Amino acid sequence: MSQNGTNASAAGQELLQIENLKTYFPVRSGVFQRTVAWVQAVDDISFAIRAGETLGLVGESGCGKTTVGRTMLRLIEPTAGKVTFDGQEVFQMRGAALKSLRRDMQIIFQDPYASLDPRVPVGESVMEGLNIHKIGTPRERFDLMMDTFRKVGLEGYHARRYPHEFSGGQRQRIGIARALALRPKFIICDEPVSALDVSIQSQVLNILKDLQAEFGLTYLFIAHNLSVVKHISDRIAVMYLGKIVELTSRDDLYAHPLHPYTQALMSAIPVPDPHLKRERIILKGDVPSPMNPPKGCRFHPRCPVAQPNCSEEEPQLRELAPGHQASCHYAEKFL
């Protein structure tokens, strides 16, 4: 079993590389259920996650954030692209090799109640992964489960209870315990605090940060709350309609957003000062359908600085400052 602090490769090295990832879903119609269109949920994105860091992934609902995470874990099969985890190509793995990989890559689901079996005590749910991977003796698995419960702020007697006997915050702690029990290297946090009260959100975020420091974990933190992402992330990637439009460090993104969409998101963050006014950028129109995305830049129908070439030429994600990437033809004007 991995020891504390040795889960990931040397800190700072790339643990995951995502290259040209695409995930399309077929739209079927008619008696014979023929495919008549494709929902382009994730469309040709590339990025990397360094060992020991937290990469935040933000964007509006329906932009493809959750699909990215689930595709990385093979919970959804990709349409194209490559994901490399610790030197292994995830989409090429089968059988025992894939089973072994799943021990190192875990997920915390957005809705903890829906992801727990209501007929099984939560202690058994947390031990299920340990049983599947045959880690230690039955007594060692039980002890590891109890130790994991304590690390997320729960008591041993909680293990005998059922999911309906817990509050939302407690259920999310159980979800964290289940992901942590196998001592993975990498955890996808899929909007883990979006359904919780603000006071409980901070408790869960602090647990995640403490566990990361103790076990050397690497996180992909998916969320739409920019304040939450700022609190926990080292770097942040912004998604819009299946594409990554900006990627940089947390501090740089909040201080100098270069993409018009990111600027609009930032303008919506409440300022905790009644005397300080922030100029709000109101985007026109609605988010286009991922079945028929706009030609050229996908953001151009709503962009306040769009020019004629934006509707014809698709901008590439490019580095505009050290460590700061954006996909906008006119991002330089915001430097």
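**Cavities, pockets and cores**

There are 4 cavities of 30 Å³ or more in this model. A cavity here is a set of points, on a 1 Å grid over the protein atoms alone, where a 1.4 Å probe fits but cannot get out. Grid points are joined across faces, edges and corners, and a volume is the space filled by probe spheres set on the points.

Before I go on, the ground rules. This is a predicted model, in which local features need pLDDT of at least 70 and side-chain atom pairs count only at pLDDT 80 or more, while totals for chains, interfaces and linings use all residues. Residues are numbered from 1 along each chain as its sequence is written, and side-chain values use heavy atoms, with hydrogens and water left out.

The largest cavity holds about 70 Å³. Its lining residues, meaning those with an atom within 4 Å of a point, include Cys 297, His 300, Cys 303, Cys 310, Cys 328 and His 329. By class, that lining has 9 nonpolar residues, 3 polar and no charged. For these classes, Ala, Val, Leu, Ile, Met, Phe, Trp, Tyr, Cys and Pro are nonpolar, Asp, Glu, Lys and Arg are charged, and the others, Gly among them, are polar.

Now pockets, which are open sets with protein on both sides within 12 Å along at least five of seven lines. Of its 17 lining residues, Arg 102, Gln 106, Gly 129, Arg 178 and Leu 182 are closest to the centre. Helix H4 gives the most to this lining, with 5 residues; helices (H or I, at least four residues) and strands (E, at least two) are DSSP runs numbered from the N terminus.

The second largest pocket has about 320 Å³ of space. Among the residues nearest its centre are Ile 244, Pro 315 and Leu 317. Those three also touch Ser 327, where contact means heavy atoms within 4.5 Å. Is Ser 327 buried or exposed? Ser 327 is buried, because its relative accessibility is 7%; the cut-offs are under 20% for buried, over 50% for exposed and partly exposed in between, with a 1.4 Å probe and protein chains only.

Last, the packing. A nonpolar core is a set of buried Ala, Val, Leu, Ile, Met, Phe, Trp, Tyr and Cys residues joined through side-chain atoms within 4.5 Å. The largest has 58 residues, and Val 238 is one of those touching the most other members. Helix H7 (residues 198–215) gives the most to this core, with 6 residues. A separate core of 32 residues includes Val 68 and Phe 91.

Methods. Lists of a residue's contacts leave out its neighbours within four places in sequence.
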